[in-house]
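Hi,

Here is the structure I promised to pass on. Have a look at it first, and then read my notes below.

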Amino acid sequence: MSKQLTEQQQSEWVRSQFQKANEYLASKGILPDQVVVTESRYLVPLVAVWRIKSQDRKEFWVLTGDLPTDHMALSGAKNAKEAIRAFSFQWQLKAQQILDTQQGDKTQLDFANLLISRAHGLYDLFDNETIWQAQQPT
């Protein structure tokens, strides 16, 4: 049975994901300054793609949600949809590198499998035109 989130629950989810993105960037030594809301996309409760400007005027795509939080330079994708695909490809490559080098480390192998699973899910989201048509900025 599918449970629909209320508007308030959706807003809380987006807010918590924004906080997660900011904390993640700060942990990487990147001080967030502002989010470009018109370019960011939220597929509640799965994934949020944030376009964030840092205090040193660099821009990033930041991915949060029911998956590992990650970021890339803005130059890595022209929009949120393309960022989803780019993260998917990066995670597949990263997973393959882990599988090639961490043969006996169960934690690393589990992480590689998580990356593979989430990468496939991201690509499915990228490839679903219905989602992106509904996500067009107004």
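**What I found**

Let me start in a loop: Thr 69 sits between β4 and β5 (70-73). (Helices, H or I of at least four residues, and strands, E of at least two, are DSSP runs numbered from the N terminus.) At 19% relative accessibility, Thr 69 counts as buried, where buried means under 20% relative accessible area, exposed over 50%, and partly exposed in between, with a 1.4 Å probe and protein chains only. Leaving aside residues up to four places away in sequence, Thr 69 touches Lys 20, Tyr 24, Val 62, Leu 63 and Thr 64; a contact means heavy atoms within 4.5 Å.

Before going further, a word on what you are looking at. This is a predicted model, so local features need pLDDT of at least 70 and side-chain atom pairs count only at pLDDT 80 or more, while totals for chains, interfaces and linings use all residues. Residues are numbered from 1 along each chain as its sequence is written, and side-chain values use heavy atoms, with hydrogens and water left out.

**The whole chain**

You will find four helices and five strands, and reading along the sequence gives α-β-β-β-β-β-α-α-α. The C-alpha trace spans about 50 × 45 × 25 Å along its principal axes. A compact globule of 138 residues would have a radius of gyration near 14 Å, and the 16 Å of this chain agrees with that. That radius is taken over C-alpha atoms, and the globule rule is 2.2 Å times the number of residues to the power 0.38.

Of the 138 residues, 38% count as buried. Among contacts with a separation of 6 or more, 45% join residues 24 or more positions apart. The chain exposes about 8,500 Å², with carbon and sulfur atoms supplying 49% of that area; the areas come from the Shrake-Rupley method with a 1.4 Å probe, and for residues only the protein chains shown count as cover.

As for charge, the mean positions of the 15 positive and 16 negative charges are 3 Å apart. Lys and Arg count as positive and Asp and Glu as negative, without His or the chain ends, and each charge is placed at NZ of Lys, CZ of Arg, CG of Asp or CD of Glu.

**The cores**

A nonpolar core here is a set of buried Ala, Val, Leu, Ile, Met, Phe, Trp, Tyr and Cys residues joined through side-chain atoms within 4.5 Å. The largest one has 24 residues, of which Val 47, Trp 61, Leu 63, Ile 84, Phe 87, Trp 91 and Leu 122 touch the most other members. At least two residues of this core come from each of β3 (47-54), β4 (59-65), α2 (80-101) and α3 (106-127). Helix α2 gives the largest share, eight residues. There is also a second, separate core of twelve residues, with Tyr 24, Leu 25, Ala 48 and Ile 52 included.

Ala 119 belongs to helix α3 and is buried, at 0% relative accessibility. Apart from residues up to four places away in sequence, Ala 119 touches Ser 88, Trp 91 and Gln 92.

Phe 89 is part of helix α2 and counts as partly exposed, at 42% relative accessibility. Between Phe 89 and His 120, 31 residues apart along the chain, the C-alpha separation is 9.1 Å. Leu 93 is also in α2, but counts as exposed at 59%; its C-alpha is 9.1 Å from that of Ile 116, 23 residues away along the chain.

Most residues other than glycine have a negative phi, and most peptide bonds are trans. Arg 57, in the loop between β3 and β4, has a positive phi of about 70° although it is not a glycine. Arg 57 is exposed, at 76% relative accessibility.

The bond from Val 44 to Pro 45 is cis, with omega near 0°. Pro 45 lies in the loop between β2 (41-43) and β3. Gln 10 touches Leu 5 and Val 44, not counting residues up to four places away, and is partly exposed at 35%.

Over to you!
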